[in-house]
Amino acid sequence: MLVAQISDLHVRPVGQSYKNAVDSNRMFAAAVEHLNRFDPRPDLVLITGDLVDEGLDAEYANLRDLLAKLEPPCLLMAGNHDDREVLARCFPDHAYLPSRGPKHFVIDRPPLRIVALDTTVPDDHHGEVDEAGLAWLEATLREANGAPTLVLMHHPPIVTGIPYLDKYMCRQPERLAAVIGRYANVERVLCGHVHRPILQRWAGTVLVSCPSTATQIALNLRPDAAPASFCEPPACLLHWWRDGAIVTHTSYIGRFEGPFPFA
Ligand SMILES: [Fe+2]
Ligand SMILES: [Fe+2]
């Protein structure tokens, strides 16, 4: 089973750019084409938040049109740039999204189980999970009966070392780690939000964040680093379940000139 992950599309209304700088709509369309062409074709596409940039109806309308070209089925999560209520209203056919409140959901796609935890805080940019969300996560993991599980959350609950990202991490990570650490069948924690591929051993499992399909956050580890984004190559992650384990690949989106092959 091949599960693709894309993140942080920051789709804008038709004809508008992201941060008045890059055409995130065109870049998302390129990601869709990349996934459609990948051989073997992914069985499922996970989209881990910041689907649009300002939570606008016109952005979600454009997202619908762009997503219509994606051939594999997809699952949508909210990020801090989304309006989760507008998202649910604009995608009523995505019935796994609760119509009100946090957009937690669980999907069984044997052999895998997908558990999506909504870490968004309305009108704020950091992440947080309340007591009800933690209880939902615990109950959902407990009922999995050992099925290999992917836990999705938009905000990584880790310190990345990039100072202006860490202000907006998922707060109180120890509460989440205590729950997830009890379930050895959690194969991955899959995040977005940080617009970079970052990996850490966390809560007894492997946490990995997905690059953006638009801009990448500058890799600046100095404590006084100012926020900055670059146009590094966009990418997706491919989580391949085979022989009882998941291997995660990074697949860059776009054309990168040769010469190739080198042999
Ligand atoms: Fe983002
Ligand atoms: Fe985000």
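Arg 89 and Asp 57 form a salt bridge whose closest N and O atoms are 2.9 Å apart; a salt bridge is a side-chain nitrogen of Lys or Arg within 4 Å of a carboxyl oxygen of Asp or Glu. Arg 89 lies in helix 3 (residues 84-90) and Asp 57 in helix 2, so the contact ties together parts that are 32 residues apart in sequence. The model is predicted: local features need pLDDT of at least 70, side-chain atom pairs count only at pLDDT 80 or more, and totals for chains, interfaces and linings use all residues. Residues are numbered from 1 along each chain as its sequence is written, chains are lettered from A and ligands numbered from 1 in the order in which they are written, and side-chain values use heavy atoms, with hydrogens and water left out.

**Salt bridges**

- A search of the whole structure finds 15 salt bridges.
- Helices (H or I, at least four residues) and strands (E, at least two) are DSSP runs, numbered from the N terminus.
- Arg 89 is exposed, with a relative accessible area of 52%, whereas Asp 57 is partly exposed at 41%. Buried means under 20% relative accessible area, exposed over 50%, and partly exposed in between (1.4 Å probe, protein chains only).
- Arg 113 and Glu 143 also meet in a salt bridge, at 3.1 Å from N to O. This pair links distant parts of the chain, 30 residues apart: Arg 113 is in strand 5 (residues 112-117), and Glu 143 is in the loop between helix 4 (131-142) and strand 6 (149-153).
- Arg 113 is buried at 6% relative accessibility, while Glu 143 is partly exposed at 46%.
- In the salt bridge between Arg 196 and Glu 232, the closest N and O atoms are 3.2 Å apart. Arg 196 belongs to the loop between strand 7 and strand 8, and Glu 232 to the loop between strand 11 (229-230) and strand 12 (235-242), 36 residues apart.
- Arg 196 is buried at 10% relative accessibility, and Glu 232 is partly exposed at 28%.

**The network around Arg 84**

- A network of salt bridges links Arg 84, Glu 85, Lys 103 and Asp 118.
- Arg 84 is found in helix 3 and counts as buried, with 14% relative accessibility.
- The side chain of Arg 84 makes a polar contact of 3.2 Å with that of Asp 118 and one of 3.4 Å with that of Thr 120. A polar contact is a pair of N or O atoms within 3.5 Å; within protein, one must be able to donate a hydrogen and the other to accept it, and residues adjacent in sequence count only if both atoms are side-chain atoms.
- Leaving aside neighbours within four places in sequence, Arg 84 is in contact (heavy atoms within 4.5 Å) with residues including Ala 78, Gly 101, Pro 102 and Pro 122.

**The two iron ions**

- The iron ion (ligand 1) is coordinated at 2.0 to 2.3 Å by Asp 8 (OD), His 10 (NE2), Asp 50 (OD) and His 195 (NE2). Donors are N, O and S atoms within 2.8 Å of the metal (3.2 Å for Na, K and Ca); water is not among the atoms, so sites may look incomplete.
- The 4 donor atoms around the iron ion (ligand 1) subtend angles of 85 to 174°, which makes the arrangement irregular. Four donors count as tetrahedral if all angles lie between 85 and 135 degrees; four count as square planar and six as octahedral if opposite donors are over 155 degrees apart and all others between 65 and 115; anything else is irregular.
- Along the chain, the donors of the iron ion (ligand 1) follow the spacing D-x1-H-x39-D-x144-H.
- The iron ion (ligand 2) is coordinated by Asp 50 (OD), Asn 80 (OD1), His 154 (NE2) and His 193 (ND1), at 2.1 to 2.3 Å.
- The arrangement around the iron ion (ligand 2) is likewise irregular, because its 4 donor atoms subtend angles of 87 to 161°.
- Asp 50 bridges the two iron ions, which lie 3.5 Å apart.
- Asp 50 and His 195 are both buried, and Asn 80 is buried as well.

**Nonpolar cores**

- The largest nonpolar core has 48 residues, and Phe 28, Leu 46 and Leu 67 are among those with the most contacts inside it. Such a core is a set of buried Ala, Val, Leu, Ile, Met, Phe, Trp, Tyr and Cys residues joined through side-chain atoms within 4.5 Å.
- A second, separate core of 27 residues includes Val 115, Tyr 164, Trp 202 and Leu 207.
- Not counting residues up to four places away in sequence, Leu 67 touches Phe 28, Ile 47, Cys 74, Leu 76 and Phe 91.
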